[in-house]
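User: I'm new to this one, so please take me through one part of it slowly. Could you pick a charged side chain and tell me what surrounds it?

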Amino acid sequence: MSGGATSTKIVVAGGFGVGKTTLVRSVSEIPPLTTEAVMTEASLGVDDTSAVPAKTSTTVAMDFGRISLAPDLVLYLFGTPGQGRFWFMWDDLVRGAVGAVVLVDTRRLADSFPALDYFEGSGLPFVVAVNQFDDAPVYSAEAVRDSLAVPDHIPVLLCDVRQRSSTVEVLTALVVHALAEEPAAAPEMV
Amino acid sequence: MPGTTSGSSSHSSNSSNSSGGSGSRTGAGAGPLQGGPVRGRRSDTVRPGQGRSSRVRPYAITRGRTRFGRVLLVETLVSALNRPADPADRSLPELTAICDVCRGQMRSIAEISALLRIPLGVVKVLVSDLADQGRIRVHGADSVDGAELDGGDEVPGASKRDLLERVLGGLRKL
Ligand SMILES: Nc1nc2c(ncn2[C@@H]2O[C@H](COP(=O)(O)OP(=O)(O)OP(=O)(O)O)[C@@H](O)[C@H]2O)c(=O)[nH]1
Ligand SMILES: [Mg+2]
């Protein structure tokens with residue numbers, strides 16, 4: 001049942017129109033694909049029901065791309081809707097993820113609050129990436145960090161997700177951060 | 001059984017981050033962006049991610065998990081094996097379609113869902129059936145019997161670091 005290939009994923013979250021799909025497209029070796037998850041009551045976590053109206057059946061679309069990092073290693077990037085009401089879906093999506101990128105548009109900072117709240121509470125490593133739109137005022141990463149109350153140990157980067165190199169930089173920063181967060185190997189595992 | 005570390009512990013071991021002591025820094029720098037909202041650090045904020053490790057979600061135990069214990073995540077890779085279809089499955093053309101799209105190549109659960117336009121949850125169930133029938137191979141890390149039964153599909157300890165190192169190496173070569 002084991003196989004010769006490993007796959008993993010990074011989740012890209014953020015408000016509407018913040019550039020999630022653009023980020024995925026800039027590095028993916030395939031045009032981004034879209035998948036749908038149908039969320040019904042039965043698929044909601046027992047303790048999530050308070051956060052979701054009763055008897056929901058919602059279709060949530062996610063887009064994703066793929067990067068072959070090695071012949072036997074594939075990285076998937078999942079762009080996911082960033083509203084609080086999709087929290088229940090993130091729980092399932094983030095299982096096994098390397099970490100998450102929370103994309104921020106400085107003109108609409110509040111759109112990133114649900115994603116920040118979620119990932120701070122989840123224990124999943126994440127970085128904050130400020131997508132710099134041409135017509136948006138420019139702020140330093142530190143100014144954004146202060147405004148968003150992002151703890152010091154979490155990287156905040158400025159980026160332009162239309163640029164492949166910029167996206168790679170963000171992903172690299174995330175994995176470096178995830179490694180720093182990962183506890184050293186437990187002795188019994190060696 | 002060597003692998004006593006489960007995925008759930010990797011969550012709790014990181015959960016101290018959010019309470020880690022940087023709270024005093026708020027407002028020390030440039031302050032709120034011009035005219036923008038300020039996100040406070042409210043300790044009473046409901047954080048849905050918390051307590052996840054202690055959660056028991058029935059669907060996570062049965063659905064999306066093959067009979068032999070593999071968890072099927074959106075990124076899990078599968079490929080078709082040359083095993084004839086069970087005649088009883090003729091009524092489910094989706095099963096054949098799934099085998100067709102991952103014959104000769106590995107596909108993730110998400111790719112199958114996107115290519116065949118079948119919702120993710122349904123793909124997981126169908127792939128699970130196909131794996132049980134020996135028509136599909138599920139790639140990825142070995143499941144240690146029992147180690148995953150508490151929901152720990154995540155790679156524990158040393159192999160998680162290994163994986164991260166490999167991902168980092170791959171990204172740096174892009
Ligand atoms: N100027 C500029 N435009 C950008 C940038 N990133 C994205 N855009 C544009 O912003 C628009 C929205 O980008 P998307 O990538 O579709 O955003 P999204 O987060 O996937 O949006 P939803 O899926 O609808 O929530 C598109 O027209 C992009 O071309 C950027 O860095 N700079
Ligand atoms: Mg999009």
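**Around Arg107(A)**

The charged end of Arg107(A) sits over the ring of Phe133(A), 4.7 Å from its centre. (A charge counts as over a ring if NZ of Lys or CZ of Arg is within 6 Å of the ring centre and within 35 degrees of the ring normal.) Keep in mind that this is a predicted model, where local features need pLDDT of at least 70, side-chain atom pairs count only at pLDDT 80 or more, and totals for chains, interfaces and linings use all residues. Residues are numbered from 1 along each chain as its sequence is written, chains are lettered from A and ligands numbered from 1 in the order in which they are written, and side-chain values use heavy atoms, leaving out hydrogens and water.

Asp105(A) is buried, at a relative accessible area of 2%, whereas Arg107(A) is partly exposed, at 38%. (Buried is under 20% relative accessible area, exposed over 50%, and partly exposed in between, with a 1.4 Å probe and protein chains only.)

The linking goes on from there: a network of salt bridges joins Asp105(A) and Arg107(A) with Arg108(A), Asp111(A) and Asp135(A). Over all chains, the structure holds 13 salt bridges.

Note on methods:
Salt bridge = Lys/Arg side-chain N within 4 Å of Asp/Glu carboxyl O.
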